[in-house]
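Please walk through the model below one region at a time.

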Amino acid sequence: MGIYEDRVLPRIVDLSCGSKMLNRDRKRVCADLHGRVVEIGFGSGRNVPFYPDTVKSVSAVEPADLGWRMAAERVAASTVPVERSGLDGQHLPFEDNSFDSALSTWTLCTIPDVETALGEVRRVLVPGGTFHFVEHGLAPDPGVVKWQNRLNPVQKAMAGGCHLNRDIRGLIEAAGFEIRDIDRFYESGPKFIAALSLGVAVSA
């Protein structure tokens, strides 16, 4: 990992994803987490205050050392045990059927091999385990999609490989998950980056 990705990008992500406006999305996506949870793209721990009492433990997957250091206060204050347990969502260091739930918030846009990462999430979930996600991606409106496609190369270059136009639902279903619930909507802000998908998928 380069200096930019390890020392600069975590601060940019923390700033862009730290808006109080997004807390309602975090609260929704975390509401039904339960048991042993793996969170990919843990970042600076912005989801920690929203873990429900039904969560027994969280294994945090986060590549940036700075992100983990920025999460220290939130982790220390958590009533749920949180342990940094992996660095790469594409290669999860866990046995099959290790977790009851998985969580991803604004992460799938950036993982280089997102198909492999989703396959790994499904592998480590127990049968019937739940994948909880809120992600920005492909918009439902053709006019917005046109701008997403145009701006995607710029976004990738400026935001550490972040894609504007990934088909979140399609990627999750292609990985073998069954979508149980999904809400597609625009959060406040420019539509090309504010088209969100929030939901729960089940591992068969």
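The paragraphs below take these topics in turn.

The model is predicted, so local features are given only at pLDDT of at least 70 and side-chain atom pairs only at pLDDT 80 or more, while totals for chains, interfaces and linings use all residues. Residues are numbered from 1 along each chain as its sequence is written, and side-chain values use heavy atoms, with hydrogens and water left out.

Helix α2 is a place to begin. Helices (H or I, at least four residues) and strands (E, at least two) are DSSP runs, numbered from the N terminus. Within α2, which spans residues 23–30, the buried residues are Asp25, Arg26, Val29 and Cys30. Buried means under 20% relative accessible area, exposed means over 50%, and partly exposed is in between, with a 1.4 Å probe and protein chains only. These four residues lie on the same side of α2, because they cover an arc of only 120° around the axis. The arc is taken from the directions that run from the helix axis to the C-beta atoms. An α-helix has 3.6 residues a turn, so residues three or four places apart point the same way. The cover over the buried residues of α2 includes the strands β4 (99–105), β5 (125–136), β6 (177–186) and β7 (195–203). Cys30 itself has a relative accessibility of 0%.

Next come the rings. How many aromatic pairs does the structure hold? There are four. Rings of Phe, Tyr and Trp (its six-membered ring) pair if their centres lie within 6.5 Å; planes under 30 degrees apart count as stacked, over 60 as edge-to-face and the rest as tilted. Phe42 and Trp68 form a tilted pair, because their planes meet at 50°, with the ring centres 5.5 Å apart. Phe42 belongs to the loop between β1 (35–40) and β2 (55–61) and Trp68 to helix α3 (residues 65–70), so this pair ties together parts that are 26 residues apart in sequence. Phe42 is buried at 3% relative accessible area, whereas Trp68, at 22%, is partly exposed.

Phe131 and Phe177 make another tilted pair, at 5.5 Å centre to centre and 35° between the planes. This pair joins distant parts of the chain, with Phe131 in strand β5 and Phe177 in strand β6, 46 residues apart. Phe131 is buried at 0% relative accessibility, and Phe177 is buried at 5%. Ring pairs also bring in Phe133, which forms a cluster with Phe131 and Phe177.

Charged groups meet rings in this model too. A charge sits over a ring if NZ of Lys or CZ of Arg is within 6 Å of the ring centre and within 35 degrees of the ring normal. The charged end of Arg150 is over the ring of Trp147, 4.8 Å from its centre. The charged end of Lys191 is over the ring of Tyr186, at 4.9 Å from the centre.

Asn152 is part of helix α6 (residues 142–158) and is buried, with a relative accessible area of 9%. What does the side chain of Asn152 make a polar contact with? Its partner is the side chain of Asn165, at 3.5 Å. A polar contact is a pair of N or O atoms within 3.5 Å; within protein, one must be able to donate a hydrogen and the other to accept it, and residues adjacent in sequence count only if both atoms are side-chain atoms. Leaving aside residues up to four places away in sequence, Asn152 touches Cys162, His163, Leu164 and Asn165, where contact means heavy atoms within 4.5 Å.

Two backbone angles deserve a look. Most residues other than glycine have a negative phi, and most peptide bonds are trans. Asn97, not a glycine, has a positive phi of about 55°; Asn97 lies in the loop between β3 (82–86) and β4 and is partly exposed at 42%. Trp106 also has a positive phi, near 55°. Trp106 is in the loop between β4 and α5 (114–124) and is buried at 12%.

The structure holds zero disulfides, a disulfide being a pair of cysteine sulfur atoms within 2.5 Å. For Cys162, the closest cysteine sulfur is that of Cys109, 3.6 Å away and too far for a bond. Cys162 is buried, at 7% relative accessible area.
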